[in-house]
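Here is a friendly walk through the charged pairs and the nonpolar core of one model. Have a look at the structure first, and then we can go through it together.

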Amino acid sequence: MNWTLEVVIVPVSDVDRAKSFYADRLGFVVDHDTVIDDAARIVQLTPPGSGCSVVIGKGVVPQMPPGSLKGLQLVVPDLRRARAELVERGVEVSEIQVVGENPRPVPDPLDNVGFIHFADPDGNAWAVQQISERA
């Protein structure tokens, strides 16, 4: 049996601001934006190529302090290109960092060990790792 992670709830203080950041700055696809009533709204966004979406909202998502989610991680095949795209879109993103060493030869020295970091407007922290091919 496969167990797939499909949705992660991201706590935000302003749904419209967060939706704009994830869709316009990061390029996530807006799967749906459902307003149930004045107190309840749910927005689902998916990173291009991902099988897992993020959900932001109010009234129908678990209550967590905005900005309290740390350690979310995206994976890309080309970290240099991903960083350039984020900078072009106006995202404050770290320089590329190399963490550790590869245990075997890899096509690109950043594979597995190359990371960049950014945060959404509420401070939810994201990392992006380069993996160009899986073993």
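## Ground rules

Buried means under 20% relative accessible area, exposed means over 50%, and partly exposed is what lies in between (1.4 Å probe, protein chains only). The model is predicted, so local features need pLDDT of at least 70 and side-chain atom pairs count only at pLDDT 80 or more, while totals for chains, interfaces and linings use all residues. Residues are numbered from 1 along each chain as its sequence is written, and side-chain values use heavy atoms, with hydrogens and water left out.

## Salt bridges

How many salt bridges does a search of the whole structure find? The search finds 7, where a salt bridge is a side-chain nitrogen of Lys or Arg within 4 Å of a carboxyl oxygen of Asp or Glu. One of them joins Asp-33 to Arg-41, with 2.7 Å between the closest N and O atoms. Asp-33 is partly exposed at 29% relative accessibility, whereas Arg-41 is buried at 12%. These two residues also belong to a network of salt bridges that links them with Asp-16 and Lys-19.

## Pairs involving helix α2

Helices (H or I, at least four residues) and strands (E, at least two) are DSSP runs, numbered from the N terminus. Within helix α2 (residues 79-88), Glu-85 and Arg-81 are 4 residues apart, or about one helical turn. Their side chains form a salt bridge at 3.3 Å, N to O. Arg-81 is exposed, with a relative accessible area of 55%, and Glu-85 is partly exposed at 38%.

A further salt bridge pairs Glu-95 with Arg-83, their closest N and O atoms lying 3.1 Å apart. Glu-95 sits in the loop between α2 and β6 (97-98) and Arg-83 in helix α2, so this pair ties together parts that are 12 residues apart in sequence. Here Glu-95 is exposed at 56%, while Arg-83 is buried at 17% relative accessibility.

## The nonpolar core

In soluble globular proteins, nonpolar side chains tend to be buried together. A nonpolar core is a set of buried Ala, Val, Leu, Ile, Met, Phe, Trp, Tyr and Cys residues joined through side-chain atoms within 4.5 Å. Which members touch the most others in the largest core of this model? Of its 26 residues, they are Val-10, Tyr-22, Leu-26, Leu-45, Ile-56 and Phe-118. Elements supplying at least two residues each include α1 (15-25), β3 (40-46) and β7 (114-119). The most comes from α1, with 5 residues.

Leaving out residues up to four places away in sequence, Leu-26 touches Phe-21, Leu-86, Arg-89, Val-91 and Phe-118, with contact meaning heavy atoms within 4.5 Å.
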